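Subject: Handover of a structure

Dear colleague,

Please find the structure below, together with its sequence. My notes on what was found in it follow directly after.

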Amino acid sequence: MGNGSSREGKESRRSRLKQKLQRFRTHRLHLRTRFSRNAAGVVNQRAVTVEDFSGIALLTLIGADMKFKDKWLTCVSFGEQTFRTEISDTTEKPIWNSEKKLLLEKNGPSLARVSVFETNRLSRNKIVGYCELDIFDFVVQEPESACKSFDLLDPASSNVVGSVFLSCAIEDPVETEKRFAKRILSVVDYNEDGQLSFSEFSDLIRAFGNLVAANKKEELFRAADLNGDGVVSIDELAALLALQQEKEPIINNCPVCGEALPLTDKLNAMIHMTLCFDEGTGNQVMTGGFLTDRQASYGWMFKLSEWTHLSTYDVGLNTGSNASHIVVIDRKTKRLVEELIDSKIVLSMRAIYQSKIGLRLMDQGAKEILQRLSEKQGKKMNTVESSQKISSFLEFFKDQINMSEVKYPLQHFKTFNEFFIRELKPGARPIAYMNRDDVAVCAADCRLMAFQSVEDSTRFWIKGRKFSIRGLLGKNVNPNAFLDGSLVIFRLAPQDYHRFHVPVSGVIEKFVDVSGSLYTVNPIAVNSKYCNVFTENKRTVAIISTSEFGKVAFVAIGATMVGSINFVRKEGDHVKKGDELGYFSFGGSTVICVFEKNSIRIDEDLLANSGRSLETLVSVGMQLGVSTRTFAGST
């Protein structure tokens, strides 16, 4: 290209550069959930260490083979990122040829979920099937870039409903470092012949946003142009640029998205630009910027409501108080998941719990209404007729209830409440380190928040002005041992397995019932500054005495539609962690465990998520933390 560029006018060259950068920007990776906002609202990339960086994966979604004709789209969820393809033509064999680059970390996610949706609905497209694949296992088992077929499973029945075709290649850190300069410099290689003129190189330097480097462009170019013919190869120039970047960084801004790059962090600058650039394989690049596959799959009516701020997605404090969709992170897959809840219920809860007027109504008699409603609904769910609601309940939560884990078949349940308090098959919930009593485990299938201190819990999550350990435990429990202790909140949603289990091994000293209201335990209420859900709701406190953690307060809290808290153990019982302790009848509810101060070291990932005001989706038996009394000698 070298001499050809000299025939173009300066404005023409700049115009072509802008057009090419615009194409890159159109296809760029929106690293929305790889970023955090500081107090000023500026987006900052979360840094990756050299030790954690494992490479860049290029995942290509080729097509699918479905059992009926429709217009299809596919979403790929990986960690805290979700991407979507374009919508296919009406066919039973859609072709997308869509690709996306994924950042791989040694301690990060490796499991990708591929979800296929039919798009014949205005507001919400319907998921038809999904598959999950481990990126590392896929590349190890198959030659890189080889196409492989994966069965698509119905979320409700696990029956095969089609297949999807994928390929994947991984670029290791060494390859990424070698190639990243070539990717950047190829922006101005208009003819793609591997050669650059000085004028084109000048345009690129200007795009880097470094005024000091602009004065050195002649020097840099001459160093690369070894034969003095005014043209250098991209390989030569890339090597020189990499060397210069080590001495004195000249790239201040990403030439694709324009964001400022960390000048002292060469690794993350390289990763950022690698993910921003598309190498031009001819494939479509998936659209990013989504938190969950459900958000990515919504139709145009949802997009309109999002544009008018009637529907919002976010993580953190806004999840409970302002956003109309609750997003949690799945601990097992390290993927963001949307919690299903009827939109009308969201609006009514916000009207009641997020306003002074709503709570004033509660004080003027609505509490009694909730009590009567819960009692009436509880009786209704114990009737034979209520069993007819099971199928619609399963349909609504079709991708969040796994019936293959349930101990009895569906026809076994004669009422809805029998189904609601369903048991699981033996072994469905393995208990972490079963033979080590110094390891505490999760008490329920739930959305978990964990805090080393009560102060942290009120700063990041519980916004009720009067929340306290004394108020939580009630007047008949001595709170002194727990006042500055650690707090773990296990929130059960309606679709969850509703039996709760013992988190630690020990002896049950006593049960204490505390009367109260039946507010919802949804984050909309918990995040409200106008009410105190945990200290005002009906609850039962169990004190467990242990050798490893001292005393542990296990508080089972009732909620709207949950008037019944049932325990299957009694005072004086010796219990082993993972043993069933009780269950909640119809609805959603919460368990709170309070540990004595400095008695437990809660797992770092749980604390980190909670510090972001982000609930973690966990299962019974997952590790919660380790006793500080034995931590030094544990593995």
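C75 is buried, at 0% relative accessibility, where buried means under 20% relative accessible area, exposed over 50%, and partly exposed in between (1.4 Å probe, protein chains only). C131 is likewise buried, with a relative accessible area of 5%. A search of the whole structure finds 0 disulfides, a disulfide being a pair of cysteine sulfur atoms within 2.5 Å.

Please note that this is a predicted model, in which local features need pLDDT of at least 70 and side-chain atom pairs count only at pLDDT 80 or more, while totals for chains, interfaces and linings use all residues. Residues are numbered from 1 along each chain as its sequence is written, and side-chain values use heavy atoms, with hydrogens and water left out.

Helices (H or I, at least four residues) and strands (E, at least two) are DSSP runs, numbered from the N terminus. Two strands are said to pair if DSSP finds at least two bridges between them.

An open sheet of 10 strands shows mixed pairing, in the order β16-β15-β29-β18-β19-β27-β23-β22-β21-β25. Its edge strands are β16 (335–339) and β25 (574–575), each of which pairs on one side only. Strand β15 (residues 326–330) pairs with β16 in the antiparallel sense over 5 bridges, and I326 has E339 in β16 as its bridge partner.

Strand β27 (residues 589–595) of this sheet contains S589. S589 is buried, with a relative accessible area of 0%. An unreviewed UniProt entry places the feature "modified residue: Pyruvic acid (Ser)" at S589; UniProt positions are given in the numbering used here, feature names are shortened, and annotations may be inferred rather than shown by experiment.

D573 is found in the loop between β24 (565–567) and β25. D573 is buried, with a relative accessible area of 16%. A polar atom of the D573 side chain lies 3.0 Å from the backbone nitrogen of K570. D573 also touches G506, V507 and I508, not counting residues up to four places away in sequence; contact means heavy atoms within 4.5 Å.

A further open sheet has 3 strands in the order β17-β30-β28, with antiparallel pairing. Both β17 (439–441) and β28 (600–602) stand at the edges with a single partner strand, so one side of each is left without a neighbour in the sheet. The twist averages 30° from one strand to the next, with axes taken as lines fitted to C-alpha atoms, for helices over the stretch in contact, and angles running from 0 to 180 degrees between N-to-C directions. β17 and strand β30 (residues 623–627) pair over 3 bridges, and V439 has V626 in β30 as its bridge partner.

Helix α21 (residues 604–611) lies across β15, β18 (446–451) and β29 (616–618), running at about 90° to β18. α21 also lies across β28 and β30, at about 65° to β28.

Elsewhere, strand β9 (residues 148–153) and strand β10 (residues 160–171) pair in the antiparallel sense over 6 bridges, with K148 opposite L166. β9 and β10 form a hairpin with 6 residues between them, and S158 in the turn has a positive phi of about 65°.

Helix α9 (residues 266–276) is mostly covered, as 10 of its 11 residues are buried, including L267, M270 and C276. P409, in the loop between α15 (389–396) and α16 (416–420), is partly exposed, with a relative accessible area of 45%.

Yours sincerely

Terms used. A polar contact is a pair of N or O atoms within 3.5 Å; within protein, one must be able to donate a hydrogen and the other to accept it, and residues adjacent in sequence count only if both atoms are side-chain atoms.
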